[in-house]
Amino acid sequence: MSEVLLEARRIGKRFGGVQALKDVSLTIKRGEIYGLIGPNGAGKTTLFNVFTGLYPRDSGEVLFAGSPLSLASPHSVAAAGIARTFQNIRLFGNMTAQENVMVGRHVRTRAGVFGAILRTRAERAEEAGIRRRAAELLHYVGIADRADDLARHLSYGDQRRLEIARALATDPKLLALDEPAAGMNATETAALRCLIEGLRKDGLTVLLIEHDVKLVMGLCDRVAVLDYGEKIAEDAPDAVRANPKVIEAYLGTDH
Amino acid sequence: MKTTRSGVSEKANACESRRYAVAKSHRERVGLVLVAVALMALPFVLASAGTAWVRITNFAVLFVLLSLGLNIVVGFAGLLDLGYIAFYAVGAYVYALLASPHFGLHLPFWIILPIGAAVACLAGIVLGAPTLRLRGDYLAIVTLGFGEIVRIFMNNLSSPVNLTNGPKGINRIDPFQIGPLKFSASDTFGSLIFSGPIKYYYFLLLVLLAVIVINRRLQDSRIGRAWVAIREDEIAAKAGGINTRNIKLLAFAMGASFGGIAGGMFAAIQGFVSPESFILNESIMVLAMVVLGGMGNIWGVIAGAALLSFVPELLRYTVEPAQRALFGKLLVDPEVLRMLVFGLALVLTMRFRPAGLWPETRHRRELNEGRV
């Protein structure tokens, strides 16, 4: 098993006249927390959307777990083992927390219409498995007591957790979190940090976009910095912090 | 710390909900038995008021079936379909062509109904495949167009090859027949007279039961959850690993199949089909039943369909005598009043119960939350 989980080679993406991503290459190693930072509009979320198949890329390729990743459709990316959360939380608001996580199991289960109508033994066993796994995951992220509440009635922090649980339900190899701490208070951020560290301890690879520099620097093994669609640095957090190009991107030239 | 707290409350909750579930299931069972008995006895009660009422009931059940089919598309998957009646038409014409003197074919109904469902299902896929990239209003417009295209085809496919007999429609369609039991004639068992419509009623009831069971099971399944997920947030559903195109297509195909079966039974009961039965108004009527009853909730949809089928008929039979008794003459034509009351009912529903008379549990739960 190779050490590299995801390798992006010269990814390019253009929206009309805006070059959102320009030849971005990066490698994410197994078991690490990889941070992606950059000023607003640097292309972080665009890169995310390319990795998860929501946007078609214009150029470049992505190798995932040793084989080329088809980025044709989001669901095949999910099937390959990349799960994500969204910057602005996207839950199924009128479904319960438990059901939200159960939807996440879709890609790892098989039952079709006939299984459901006939309630075959296989379908019932699978359904019980889905339910069990969903309960486990809710417990794992710490919102087991909210299982039967509608997702939209959960507190902001719990919604973030639920989104992570739903992503985990797809059995990902790589979990991509898009600004998970956005809008959280200090206590919630600390709890989130514990959760992400727990994920790493359990062997998951995490790709993290975050504005909270303290969180990124404290959590990540390596950090890449994007600016105007280009990668300007990729290194350990301390080295990135000292990188003059990064300082320039964040603070301007005359500092 | 968090786990201990939640662990305790979880246990308490489980206990509470189990007790609640037992009480509920017991009450539910008694309720179901009562409803079953009432439904079994219904046609004989109605027959005493005239066979016409049994027929009206049969058509009401057909509309309930249609609404349940459309509910899969609109209620579960959230795809607005304004041409649903086209699948009803397809089912009806398949039955008419395979069991009438038109082509001289007289296949038994238990062969034709599945064929009708399959052909309608195919029509659903043909409509769905190219259009499901569209959403909301755009999808509604395309489906509306599809519904009209199907009707116009049926109107015009009388030459050069006479397939549908055009606007004249197809006549003398075979009624159902199971062995010696003909659905067109009356049979007497003891003192009970089983007229044709009464036999159809029981058959429809059986089909309805099957459709309800299928709907409920689908709703609580992997596929049903995927439908609701797409309705709630398509992008999140996609990113969560759902092949949204296929799952939406499946919703269309399932809905269409139910429409096809209902159409076949309609042709047999009516004994006659023509394009006129499948106009846009009918599509809108079925949609109104789904919305009025409560999108997504099977029982709400049934209630909505029953209400919108019966109330106009009741008005038809009561308005004229009432006016004559009160004013001595007919002031408002019953037909006019029907539409007036219908419109008023829809406006009032939208004003006071926007989620429908009997909304989906998810919505209802959230409305009641303050009180619990």
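## The nonpolar cores

Let's start inside. This is a predicted model, and its largest nonpolar core has 99 residues. The residues with the most contacts inside that core are B:Tyr95, B:Phe176 and B:Trp227. Another core, of 44 residues, lies apart from it, and A:Ile130, A:Ala151, A:Ala169 and A:Leu208 are among its members.

So what does B:Trp227 touch? Leaving aside residues up to four places away in sequence, B:Trp227 is in contact with B:Ile72, B:Phe76, B:Ala77, B:Leu218, B:Ile247, B:Leu250, B:Ala251 and B:Met254.

## Two crossing helices in chain B

Now for helix 3 (residues 85-98) of chain B and helix 4 (residues 109-131) of chain B: their axes come within 8 Å and cross at roughly 140 degrees. That angle is why helix 3 of chain B counts as oblique to helix 4 of chain B. The crossing of these two helices is right-handed.

On the helix 3 side of chain B, the contact includes B:Phe87, B:Val94 and B:Tyr95. Helix 4 of chain B contributes residues including B:Phe109, B:Ile112, B:Gly116 and B:Leu127.

## A leucine on helix 4

B:Leu122 also belongs to helix 4 of chain B. Is B:Leu122 buried or exposed? B:Leu122 is exposed, with a relative accessible area of 55%. From B:Leu122 to B:Ile152 it is 30 residues in sequence and 19 Å in space, C-alpha to C-alpha.

## Confidence in chain A

Chain A has a mean pLDDT of 90, with 98% of its residues at 70 or more. Among the elements of chain A, helix 3 (residues 97-104) of chain A has the highest mean pLDDT, 96, while helix 10 (residues 244-251) of chain A has the lowest, 84.

How values were computed. Residues are numbered from 1 along each chain as its sequence is written. Chains are lettered from A and ligands numbered from 1 in the order in which they are written. This is a predicted model: local features need pLDDT of at least 70, side-chain atom pairs count only at pLDDT 80 or more; totals for chains, interfaces and linings use all residues. Side-chain values use heavy atoms; hydrogens and water are left out. A nonpolar core is a set of buried Ala, Val, Leu, Ile, Met, Phe, Trp, Tyr and Cys residues joined through side-chain atoms within 4.5 Å. Buried means under 20% relative accessible area, exposed over 50%, partly exposed in between (1.4 Å probe, protein chains only). Contact means heavy atoms within 4.5 Å. pLDDT is the predictor's confidence in each residue, from 0 to 100. Helices (H or I, at least four residues) and strands (E, at least two) are DSSP runs, numbered from the N terminus. Axes are lines fitted to C-alpha atoms, for helices over the stretch in contact, and angles run from 0 to 180 degrees between N-to-C directions. Angles under 35 degrees count as roughly parallel, over 145 as roughly antiparallel, 65 to 115 as roughly perpendicular and the rest as oblique. A crossing is left-handed if the near helix is turned anticlockwise from the far one by less than a right angle, and right-handed if clockwise.
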